[in-house]
Amino acid sequence: MAEAPAKAAALEQALHVLRGRLDKRTAAFLNACVRCGLCADTCHVYLADRELESTPAAKVERVARLFRRYHTLLGRLTPGLVGAQSLTQEALQGLAAAAFGRCTLCGRCALNCSVGLDPAAIMRFARTLLGAAGLVPQGIRANIEAAQTSGNTMSISPQDVRETIAWLENDLRQAIGDPGACMPVDRQGARVLYALNPRELKFFPLSISAAGMIFHAACENWTLTSTDFDITNYGFFAGDIEAQRAIAERLIRRAEKLGVRELVVAECGHGYRSLRWEAPDWLGRPLPFAVRSFVEVMAEYLAAGRLRLDPSKNPDPVTLHDPCNLVRHGGVIEEQRYLLRHAVTTFVEMTPNREDNYCCGGGGGMLAASEYAAKRLEAGRIKADQIRATGARVVASPCHNCIDQLMELNRHYALGVEVKTLGEIVADAVVLPGTS
Amino acid sequence: MTLASIALATALVTSVTMFLAQRFSTRFAAVPKAIAPARGSARAGVLYAFTKAFAPTAKESAALHLPSYLAGIGYHLGIFAALLRLLVSLLPVAVPAAANMILTVVLALGLACGLALLGKRTLDGRLRGISVPEDFLANLLVDVTLAAGLAASLDHGLMPWFQVTGAVLLLYAPLGKLRHVVFLLASRRWSGAYFGRRGVRPNPKAPGTDRG
């Protein structure tokens, strides 16, 4: 019985966002689309399913119809002529399927739009609108709630962090035969704070070990943190402006408290983008420390001679998947190639690559939205085909989100490859000081 | 001044005013200045967006659809030529014969391209699927103006008809999809600055690379 008023309230909230929270940039994009449809072939989702609804133009049009209805004269007077549409439950449901189920916010269409608009920015606005209407997928919402209540999406306690790191530190000492090697936690005044994706602590501890090895080899003054260490930000995926700011602010305040000069973001595309590019805008202030990706830091160590690598330690052919948020939205394009050229015997590029690379299909929170799992795997076929064409045995990707999707694609499409972070590959090639 | 000239001049002033009102409207929230330190250059990105990004090889949307891209170029050349001719028609100057000949060719090319794009929108299922009725109306309105311009370039006595169709087009432009003429510029500037600032396009040199 209470469902109808709740739906009406949700519609009202969405209408409030549509009327009041649209910015000039998004409005310009919505006014600029001419529905030429030339963007279709730039989208991995459309290339995989060939459905009209998956073209960026069709996805943009779902928002543009609402925009015309409430923000243009002809949309109000002659909605049929200009394809304007009132905000209804059906319109919102269709928009949710488009914005969460057919778009990973990868931005490849933005780079290739003939007009120059950014469909991904429009889809982010769509997600904000859908969030107001309570239509964010449950999996994404659950991650936001966990991050806000416990400080990380996997609700890992500070004690668990300390115990896991102690265990990894012991392993590192044994592996390199140096009892002085350490993986410091909560060290006040360290130069670098290395912040993690919680999945590393739970499922991929080897990537933390790799970072420990690399920082040790480079003689870095670094630390981990047992609290507020989470670089992921599902508020960003949800278009939840308040949540994305609050989540980013926890880690930023922690870094400020530790007094570090640099926040190094572990291999996580959207984590890097959120903290490096978006967080200062969300907080409305510059950060008192630099924010860099671990990829940039490793490349700097190598260029400065602080890291010596032996490529013969990685003899299998390696290809590279470029995470959209790190590369297309972050500008970290060449560093990973520089590292791989020095860390492996054979490095094979995918085609296309760099900022033109296709999304793996797991971006934009798709991995957390189980209702779209089938579509995610279908969209990943384009990436699977790219990988297969390289003939590589190892796929490197500096993003744990991409790695989850790539591992699933590996199983689903029987690619027969090994999926690794860049840090793991670099750590395998490290030549420690005093050894040959 | 003829009645047609007065109508055209009035439509021009009205259209420009409406465009300016839309472009500088305070209806939408301002975009805050980006705070994070730049990796590249917003200015270089905007410059790229308005130069190299127009090359047929710069974007897949053009490279994979060269006939459509070329038709679009031809169409817009025709439109700009028509607008220029309309402006000149308001001035007390005569168009030299050679310029009129070039104008005739460009208008004919523009009209042919416009009709070709209209045909594509009608026949291509995918394009038809994302179209709204106004897509056809806007194209027809422009095509009629180009046809009138072509006719006027061949027979100057038809200039008033060209001016009247031009006036209708100018009055309609800020209302429908033709307003992309202004918002395209804004969009390119936004996205050019975005990708430029982040060092994506153009991409500055990184350690050990030769890409610049």
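1. Quick ground rule before the sheets: two strands count as paired if DSSP finds at least two bridges between them. With that in hand, take A:Val264, which stands opposite A:Arg292 in S4(A). Strand S3 (residues 262-265) of chain A and S4(A) run parallel and are joined by four bridges. Bear in mind throughout that this is a predicted model.

2. Now for the sheet around that pair. It is an open one with four strands, ordered S2-S1-S3-S4 (chain A), and the pairing is parallel. At the edges sit strand S2 (222-223) and strand S4 (290-293) of chain A, each pairing on one side only. Helix H16 (residues 269-283) of chain A packs on this sheet, where it touches S3 and S4 of chain A. The direction of H16 makes about 160° with that of S3(A).

3. Strand S1 (residues 192-195) of chain A deserves a look of its own. Both of its faces are covered: A:Val192 and A:Tyr194 are buried on one side, A:Leu193 and A:Ala195 on the other. Towards S2(A), S1(A) runs parallel and is joined by two bridges, with A:Val192 standing opposite A:Trp222. Towards S3(A), the pairing is again in the parallel sense, over four bridges, and A:Ala195 has A:Val265 as its bridge partner there.

4. Chain A has another open sheet: four strands in the order S6-S5-S7-S8, with parallel pairing. Its edge strands are strand S6 (347-348) and strand S8 (418-420) of chain A, and each pairs on one side only. Strand S7 (residues 394-396) of chain A pairs with S8(A) in the parallel sense over three bridges; A:Val394 has A:Glu418 as its bridge partner in S8(A). Helix H19 (residues 335-343) of chain A packs on this sheet and touches strand S5 (318-320), S6 and S7 of chain A. The direction of H19 makes about 175° with that of S5(A).

5. Which residues touch the most other members of the largest nonpolar core? They are A:Val63, A:Ala195, A:Ile214, A:Val265, A:Met298 and A:Val426, in a core of 165 residues. A second, separate core has 30 residues, including B:Tyr75, B:Leu111, B:Ala147 and B:Leu178.

6. Leaving out residues up to four places away in sequence, A:Met298 touches A:Ile214, A:Leu307, A:Leu339, A:Gly423 and A:Val426.

7. On the domain level, chain A is divided into domain 1 (3-135), domain 2 (142-303) and domain 3 (311-429). The C-alpha centres of domain 1 and domain 3 of chain A lie 29 Å apart. Where they meet, 15 residues of domain 1 are in contact with 17 residues of domain 3 of chain A. On the domain 1 side, helix H3 (44-49), helix H7 (89-101) and helix H8 (108-112) of chain A are the elements that give two or more residues. H3(A) supplies the largest share, five residues. By class, this side has eight nonpolar, four polar and three charged residues.

8. Chain B has nine helices and zero strands. Of its 212 residues, 41% count as buried. Its C-alpha atoms fill a box of roughly 65 × 40 × 40 Å along the principal axes. Among contacts in chain B between residues at least 6 apart in sequence, 76% join residues at least 24 apart.

9. Last, the two chains together. How many residues of chain B are in contact with chain A? There are 50, and they meet 56 residues of chain A. On the chain B side, the elements that give two or more residues are helix H3 (60-63), helix H6 (125-129), helix H7 (133-154) and helix H9 (180-197) of chain B. H9(B) gives the largest share, nine residues. The chain B side divides into 24 nonpolar, 14 polar and twelve charged residues.

Definitions and conventions. Residues are numbered from 1 along each chain as its sequence is written. Chains are lettered from A and ligands numbered from 1 in the order in which they are written. This is a predicted model: local features need pLDDT of at least 70, side-chain atom pairs count only at pLDDT 80 or more; totals for chains, interfaces and linings use all residues. A nonpolar core is a set of buried Ala, Val, Leu, Ile, Met, Phe, Trp, Tyr and Cys residues joined through C-beta atoms within 7 Å. A residue is buried if 20 or more other C-beta atoms lie within 10 Å of its own, exposed if 12 or fewer, and partly exposed in between; C-beta atoms are placed from the backbone. Two residues are in contact if their C-beta atoms, placed from the backbone, lie within 7 Å. Axes are lines fitted to C-alpha atoms, for helices over the stretch in contact, and angles run from 0 to 180 degrees between N-to-C directions. Domain bounds come from an automatic or database domain assignment. Ala, Val, Leu, Ile, Met, Phe, Trp, Tyr, Cys and Pro count as nonpolar, Asp, Glu, Lys and Arg as charged, and the others, Gly among them, as polar.
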